[in-house]
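Q: I've just opened this one and could use a guided tour. Can you walk me through how to read it?

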Amino acid sequence: MNVHGEMSDADVLRAASRSLSALPMASPPDVQSIMARGRARRRRRLSAAAGLSAAAAAGTVLALGLTGILGPSPARSTATIRTASFTLVSNANGTATLTINATELLDAAALQNDLQQYGIPAMVTSGSFCSSVPPPAGFSQVVSFYPRPTGSRTLVPPGTHPTVTFSPSAMPAGTELSFGVFQLSSGGQQADFMLINSSSYTCSSTLPGPPPDGAQFQIVRPGS
Amino acid sequence: MSDQQTEFADFFQASWEPCLRTVVAVVGGPQLAEDQVAEAFAKAWALWPKVRRHPAPRAWVVRTALNTGASWWRRRGREVLLADHDLAAPGDLDSGLDSGLLTAIWRLPIRQREVIALRIFLDLDTATIARQLGIEAGTVRMHLSRGVSALRHELTPTRNMEAGR
């Protein structure tokens, strides 16, 4: 308190700090998933720069040709698969991290094929979603997400590149991961995930509600 | 891990909480603040040779996180800012959490919140805050003074009631 009986500036800041510090905070995410997102961002930036350089050197006609090379065709290496709509990185601990470029429509067939290369049995569908009733247990051991799911549906703001980390060793025998992507009328995308029994599942093109033992994300389109 | 990876991992572990608390203090919604801070750390790793030489790398992360979410927050404004947050019940006061004070913080103009949060959680001096926010040191002092005055008002209700009689 000062001579007028008022709290000093330092006292006020200490009270504000105490109150804000008492808010519960989530523990930090896995640094490997953060670094995977950073690597994906760096590669996108370098690809864009390479495309711009080539266009500047060779003119518009060649630039149009490069779109086909740098776009949907995956650029592969031993540990990383990169396409226009996703990057899949193999981590040292046996997991794989998928980073989704939310501005591009996901190439479902390519992703399913690439996940299988990494030992992740998955059914990736665009405009439909496959589910088993009841779903096999173990979903939360098989996948982790960033942003972390909040309640039944998680809203992903524009500018965020969601990541999914898969642990293939945790998948129960006879199961697959179902991953359905829908284009929303708002321009955004919805992604649904759940485990299914390989021998018993149904697929529907109806936009699903939140899966009972899974996760649902809605990626907000910039400007919506 | 390479030396750079180890260095970044150490920075990330040590800086996650202060950066997140700073962004929560500014934007309110902890869930989206987490996403913004995670994205900012991913950008920091993508630019690590540059960010590691920055005079205040944590401030760089916070500034980047706030920029990432700025347009989204602007569109939703105060509605999300307050509605997205579970304010404490009175019983939480024992933990130091004062819901009235938190509400008062989140009702401050955004520049005042930024200046206060950068001072409290990143312990930045006036000149560094000014550089980070791209404003004059005198403007930082003005925002800090006005923000602190508003919070002092919230913290001294008895005195305010007496003055109002």
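Q: Let's start with disulfides: how many are there over all chains?
A: This is a predicted model, and the count over all chains comes to 1 disulfide. The link joins A:Cys130 to A:Cys203, with an S to S distance of 2.0 Å. Look along the S-S bond and you'll find 100 degrees about it, which makes the link of A:Cys130 and A:Cys203 right-handed.

Q: Which parts of chain A does the pair tie together?
A: A:Cys130 sits in strand 6 (residues 129-131) and A:Cys203 in strand 12 (residues 202-204), so the pair ties together parts that are 73 residues apart in sequence.

Q: Now the interface. How much area do chain A and chain B bury between them?
A: Interface size is often given as the accessible area lost when the parts come together. Here chain A and chain B bury about 4100 Å², 67% of it on carbon and sulfur atoms. In terms of residues, 44 of chain A are in contact with 47 of chain B.

Q: How many salt bridges are there between chain A and chain B?
A: The count is 2. One of them pairs B:Arg152 with A:Asp9, whose closest N and O atoms are 2.4 Å apart.

Technical notes:
Residues numbered from 1 in each chain as written. Chains lettered and ligands numbered in written order. Predicted model: local features only at pLDDT ≥ 70, side-chain atom pairs only at ≥ 80, totals over all residues. Heavy atoms only, no water. Contact = heavy atoms within 4.5 Å. Buried area = accessible area lost by both parts, 1.4 Å probe. Salt bridge = Lys/Arg side-chain N within 4 Å of Asp/Glu carboxyl O. Disulfide = S-S within 2.5 Å. Helix = DSSP H or I, 4+ residues; strand = E, 2+ residues; numbered from the N terminus.
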